[in-house]
Amino acid sequence: MTSADVLILGGGSGGYACALRSAELGLSVILIDKDKLGGTCLHRGCIPTKALLHAAEVADSSRESENFGVKTTLEGIDMPKVNEYRDGVVARLYKGLQGLVKSRNVTFIEGEGKLVAPNTVEVNGVNYTGKNVVLATGSYAKSIPGLEISGRIMTSDQALNLDYVPASVIVLGGGVIGVEFASVWKSFGADVTILEGLPHLVPNEDISVSKALERAYRKRGINFTLGTKFASATQSDTGVEVTLEDGKILSAELLLVAVGRGPNTANMGFEDNGVATERGWVVVNERLATNIPGIFAVGDITPGLQLAHRGFQHGIFVAEEIAGLNPVVIADINIPKVTYCEPEVASVGMNEEEARAAFGDEVNVYEYNLGGNGKSQILGTAGFIKLVAQKDGPVVGIHMVGSRVGEQIGEAQLIVNWEAYPEDVATLIHAHPTQNEAMGEAHLALAGKPLHAHA
Ligand SMILES: Cc1cc2nc3c(=O)[nH]c(=O)nc-3n(C[C@H](O)[C@H](O)[C@H](O)COP(=O)(O)OP(=O)(O)OC[C@H]3O[C@@H](n4cnc5c(N)ncnc54)[C@H](O)[C@@H]3O)c2cc1C
């Protein structure tokens, strides 16, 4: 098959979700990828990093087991074995995904594609056409101008494939990817230093959450410098040396460059065919349509949050849009975000600063400390759930920090996206003793009837 209702370039989270949903809706689909189906998330992103973070949690549990009266000795980290476990997880999911795509009769074409006409993608000399074209080519790990990625200076792509635990690492960038790798390496026994040019770690989160994470990292012995910019780095056979703009010099075995991801759109014929881009990002309207009729773009190549579940949602949205189902737009602000470091960070909706900018004094904020939550005490984690609500109105943001709080994001995103009032949630029952209870307690308190909390 060389022509279809929907022609998708890129088989990552955004592209394959669009393919699966389009096929479900009875549309014929061609899906093109130059690499493995599943993209960054499955092969180089979410899944492999979360497997490493789970192994890191196991290491921490062994190390700290004496606190719970359990005698163990952590002999070390067998990195090839950790990687084998990680690869097993990825392989099983990859197999499942290949099966799904096949079972829905999606035509998968392996090869590098280029847009050669508004409705045509060329792969290895063959032209594929679509009534609709969906661009889903994802993102790549960026570096800083002049900082070459090679040898001991690496991005997450190389860091994921290390077959040893470095003795020391400098992590350039205190965003999501930086703090997650820092967390893994510290748990595996490395000496870790994060360099963040902005005033806080995870700078896109509510400032109270950033500060709590910084406290927790200090306690874990993860070093970081905030608000000082990186100047340069050199490497030798034995290590890297990093100079900051204030003249400070740091050295370590490796440097991880985690300074963000750029759109994968160069030399793919997008601009040549009139598709509007801005600094490489494909410009779309809120319905994910580009300026060229019949061409859509989804996932990381569109400006905004770079998250797999945003890609899934984009892909489903575009499939339904093409099928004429008029799907509902979800604003980026209401997409849940989880950072899987230890302790975890999770949020959805407006942070306090954003809510105050939008509603002035008409904002209520409540922070429920996990110190009052039985299950968190059992786990031995500190942290909180912070609610941001409009006065006499709905909850517009939920911000959390603490071990395992990522698991609470499901209810949090329902509350924010369904525009629930604190009183609505306060009447619902949260099982005891769970960390989820803290979600209920926070809403009880904001509704003026705190149980295990002070007003
Ligand atoms: C280390 C790391 C950890 C992450 N952790 C998380 C997480 O925990 N949770 C989360 O939600 N998100 C996470 N992400 C982000 C997530 O991986 C991305 O948001 C998601 O993969 C974006 O999906 P996409 O479809 O837009 O692009 P991608 O997944 O990047 O897929 C794009 C696909 O297009 C293909 N392609 C590109 N150019 C061409 C071409 N010319 N021809 C053919 N094929 C082409 C590529 O081979 C690729 O398969 C993480 C990312 C990284 C790097």
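User: What makes helix 8 count as largely enclosed by the rest of the structure?

Analyst: In this predicted model, eleven of the 15 residues of helix 8 are buried, so the helix is largely enclosed by the rest of the structure.

User: How do you know that the length of helix 8 agrees with its number of residues?

Analyst: At 1.5 Å a residue, the 15 residues of helix 8 (residues 308–322) should span 21 Å, and because its end C-alpha atoms are 21 Å apart, the two values agree. Helix 8 is followed by glycine 324, which has a positive phi near 80°.

User: Which elements give two or more residues to the shell around the ligand, and which gives the largest share?

Analyst: The ligand is surrounded by 37 residues, of which the closest are Gly10, Gly12, Gly39, Gly138 and Gly299. Two or more residues of that shell come from each of helix 1, strand 2 (29–33), helix 2, helix 3 and helix 8, and helix 2 supplies the largest share, with four residues.

User: Why are the buried residues of helix 7 said to line one face of the helix?

Analyst: The residues concerned are Val209, Ser210, Ala212, Leu213, Ala216 and Tyr217. Seen down the axis of helix 7, these buried residues fall within an arc of 165°, and therefore they line one face of the helix. In general, an α-helix has 3.6 residues a turn, so residues three or four places apart point the same way. The face turned away from the buried side of helix 7 carries Arg218 and Lys219, which are exposed; that term requires 12 or fewer other C-beta atoms within 10 Å.

User: How does the span of helix 7 compare with what its residues should give, and what follows just after the helix?

Analyst: The 14 residues of helix 7 (residues 207–220) should span 20 Å at 1.5 Å a residue, and the end C-alpha atoms are 20 Å apart, so expectation and model agree. Just after helix 7 comes glycine 221, with a positive phi of about 80°.

User: What covers the buried residues of helix 7, and how does the helix run relative to strand 24?

Analyst: The cover includes strand 11 (223–226), strand 21 (344–349), strand 23 (384–390) and strand 24 (395–402). Helix 7 lies across strand 21, strand 23 and strand 24, and runs at about 5° to strand 24.

User: What is the strand order of the open sheet of five strands, and what makes its edge strands edges?

Analyst: The order is 20-21-24-23-22, with antiparallel pairing. Strand 20 (337–339) and strand 22 (363–369) are the edge strands, since each pairs on one side only, and the twist from one strand to the next averages 10°.

User: How do you know that strand 23 is paired with strand 22 and with strand 24?

Analyst: Pairing needs at least two bridges between the strands. Strand 22 and strand 23 run antiparallel and are joined by seven bridges, with glutamate 367 opposite lysine 386 in strand 23. Strand 23 and strand 24 pair over six bridges, also in the antiparallel sense, and leucine 387 has isoleucine 398 in strand 24 as its bridge partner. Strand 23 is mostly covered, with six of its seven residues buried.

User: Why is methionine 350 called buried, and which residues does it touch?

Analyst: Methionine 350 has 25 other C-beta atoms within 10 Å, against a cut-off of 20 or more, and is therefore buried. Its place is in the loop between strand 21 and helix 9 (352–359). Leaving out residues up to four places away in sequence, methionine 350 touches Ile333, Ala355, Ala358, Val388, Val396 and Gly397. The C-alpha atoms of methionine 350 and glycine 397 are separated by 4.6 Å, although these residues are 47 residues apart along the chain. Glycine 397 in strand 24 also stands opposite glycine 349, and strand 21 is joined to strand 24 by six bridges in an antiparallel run.

Notes. Residues numbered from 1 in each chain as written. Predicted model: local features only at pLDDT ≥ 70, side-chain atom pairs only at ≥ 80, totals over all residues. Expected span 1.5 Å × (residues − 1). Arc of directions from axis to C-beta. Contact = placed C-beta atoms within 7 Å. Axes fitted to C-alpha atoms, helices over the stretch in contact; angles between N-to-C directions. Near = placed C-beta within 6 Å.
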